Amino acid sequence: MTARGGPCIVTISSGKGGVGKTTVAVNLSLCLSLAGKRVLLIDGDLGLANVDVVLGLNVRHTIRETVQEGRDLKDTLMRIAPGFSVLPASSGVPEMTRLSSQDQELLLSSLEGVAEDFDYVLVDTAAGIGESVLWFNNWVNKHCIIFSPDPTSMTDAYALIKVLTTRYDKKNFYLIVNQVESVKEGKEIFLNMESVLTRFLGITPKFLGSIPRDNAVIRGVRSQQPFLQKEPDSRAARALKQLSRGFVEELTAV
Ligand SMILES: Nc1ncnc2c1ncn2[C@@H]1O[C@H](COP(=O)(O)OP(=O)(O)O)[C@@H](O)[C@H]1O
Ligand SMILES: [Mg+2]
């Protein structure tokens with residue numbers, strides 16, 4: 001599909017903030033690029049950008065300039081590694097979180113133009129059910145939802161999926177359980193969420209895997225380097241590599 005039918009575009013979203021969207025999106029993008037895929041990571045947290053911080057980037061241009069000044073999005077692309085590019089967003093610009101529908105359309109069509117050159121396009125969105133989260137998710141048909149074993153993160157993930165299912169008729173959800181104590185816990189948490197989603201929303205999510213709570217992730221964020229690169233043998237990095245293989249299999253199959 002990725003070679004023939006255009007890029008595979010997927011959002012990375014969550015109900016609750018701080019569950020690991022940006023960290024997973026950055027490391028997953030890097031992992032996919034190391035496997036030979038051409039990957040674009042869009043910072044979809046348009047008002048409070050984080051991708052650049054996690055990667056320690058020196059950003060010159062952002063998506064804001066395309067929306068507000070008409071700058072060509074191709075000039076904003078930053079090449080991080082072979083096959084891995086990033087579109088950085090602005091931070092502390094609240095109006096970017098409330099784009100008019102005209103600006104949303106303009107931005108999405110610019111993004112579609114840039115996306116063509118990639119196999120996978122990941123959109124790291126803001127948390128919750130705010131406007132930008134909804135229109136980014138409405139743009140795509142595949143949604144990675146991240147949550148942790150924390151019950152509030154699970155109920156918020158359910159609420160997000162409910163909105164996307166009932167109001168936008170979305171069906172393809174790929175779940176990632178982050179910050180687990182064990183593989184067993186990750187699987188149990190997924191099964192729990194799956195049964196609720198099937199029972200109340202009539203959907204069958206796919207399980208992409210879990211990532212353990214691991215200090216290597218925290219050290220990576222603090223040093224502004226992907227943990228996959230900094231500590232490739234850590235438990236989190238090993239889990240991420242496995243998750244990345246499942247990601248390719250599951251998302252290419254649809
Ligand atoms: N698997 C993990 N193990 C340990 N800490 C983690 C893990 N995933 C995320 N974190 C911590 O959570 C923080 C928030 O993660 P982040 O990716 O910024 O979340 P989000 O983008 O969902 O708001 C990170 O800075 C890191 O310290
Ligand atoms: Mg984030």
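The secondary structure of this chain comprises ten helices and eight strands, where helices (H or I, at least four residues) and strands (E, at least two) are DSSP runs numbered from the N terminus. Please note that this is a predicted model, in which local features need pLDDT of at least 70, side-chain atom pairs count only at pLDDT 80 or more, and totals for chains, interfaces and linings use all residues. Residues are numbered from 1 along each chain as its sequence is written, while chains are lettered from A and ligands numbered from 1 in the order in which they are written.

Regarding overall dimensions, the C-alpha trace spans about 50 × 40 × 40 Å along its principal axes. Buried residues account for 46% of the 254 residues; a residue is buried if 20 or more other C-beta atoms, placed from the backbone, lie within 10 Å of its own.

I turn now to ligand 1. Which residues come nearest to ligand 1? Of the 19 residues around it, these are G20, K21, T22, T23 and V217; a residue counts as near if its C-beta atom, placed from the backbone, lies within 6 Å. The elements giving two or more residues to this shell are α1 (21-34), β7 (173-180) and α8 (215-222).

Finally, consider V51, which lies in helix α2 (residues 51-55). V51 is buried because 27 other C-beta atoms lie within 10 Å. Leaving aside residues up to four places away in sequence, V51 touches T22, V26, L41, D43, V86, P88 and D124, contact meaning C-beta atoms, placed from the backbone, within 7 Å. The C-alpha atoms of V51 and L87, 36 residues apart along the chain, are separated by 8.9 Å.

Key:
Buried ≥ 20, exposed ≤ 12 C-beta atoms within 10 Å, placed from the backbone. Contact = placed C-beta atoms within 7 Å.
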